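Thanks for coming. Please have a look at the model first.

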Amino acid sequence: IGDIHGAYRALRQCLDRSGFNYNSDHLICLGDVCDGWPETRQSISELLKIGNLTYILGNHDHWTLSWMKTGEINNGWLAQGGEATIRSYPSGVPEEHLQFLTDALPYYLLNNCLFVHAGIEPLMPLEQQGLDTFLWDRNLALKALELYENKVTGKKLTQYEEVYIGHTPTSFDKPVNAGDVWLMDTGAGW
């Protein structure tokens, strides 16, 4: 699943409509459960109910985690949904929510499929790339969108069988596949 952005109702609809089994199914979440809609707290609580969850850190999660740890408010974050996240915690941040974001992965590899929030440098080993690339880089997404819009098929952009990314919302109402890249952020969180 892509960027949830505090949209608890939408998250529940996706899980319910897909017949997701909280005990046996594996959910890989591409980050940014925080910011945007006013239910970040409820969204994280719902994800914590899932027995087999892989959670990848998003840029909004990173901002939120900084606030949770220090209490400091980044004005850029505040303007991009952070205010809604702060309001969703009127009685403070539960320790398990702080731990949830602290434990988030920078990326996840499964059977030569890569899951990352924003992007990667395709020609560079993952171990040599920084968190800024994983959380912010849109180059791979923009290349994939260009292929998709120009109806180019069969072109590989990475060394992986498939790469699933969020972060860059598309104007389409479903995930976009271009070559080996899947763009999972349909903008529903906004």
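Helix 3 and helix 4 cross in a right-handed sense. Keep in mind that this is a predicted model. Helix 3 covers residues 59-70 and helix 4 covers residues 75-87. Their axes are 10 Å apart, and the packing angle is about 60°. Angles of 65 to 115 degrees would count as roughly perpendicular and those under 35 as roughly parallel, so helix 3 is oblique to helix 4.

Which residues make the contact? From helix 3 they are His 60, Trp 63, Thr 64 and Trp 67. Helix 4 brings in Trp 77, Gln 80, Thr 85 and Ile 86. Sorted by class, the contact of helix 3 with helix 4 has four nonpolar residues, four polar ones and no charged ones.

Now the backbone angles. Asp 32 is not a glycine, yet its phi is positive, at about 60°. Where does Asp 32 lie? It sits in the loop that runs between strand 1, residues 26-29, and helix 2, residues 40-48. Is Asp 32 buried or exposed? Its relative accessibility is 1%, and the cut-off for buried is under 20%, so Asp 32 counts as buried.

The other case is His 167. Its phi is near 70°, again a positive value in a residue other than glycine. His 167 belongs to the loop between strand 5, residues 162-165, and strand 6, residues 176-178. At 6% relative accessibility, His 167 also counts as buried.

That is what I have.

Key
Residues numbered from 1 in each chain as written. Predicted model: local features only at pLDDT ≥ 70, side-chain atom pairs only at ≥ 80, totals over all residues. Heavy atoms only, no water. Axes fitted to C-alpha atoms, helices over the stretch in contact; angles between N-to-C directions. Helix = DSSP H or I, 4+ residues; strand = E, 2+ residues; numbered from the N terminus. Parallel < 35°, antiparallel > 145°, perpendicular 65-115°, else oblique. Left-handed = near helix turned anticlockwise from the far one by under 90°. Contact = heavy atoms within 4.5 Å. Nonpolar A, V, L, I, M, F, W, Y, C, P; charged D, E, K, R; others polar. Buried < 20%, exposed > 50% of the residue type's maximum accessible area, 1.4 Å probe, protein only.
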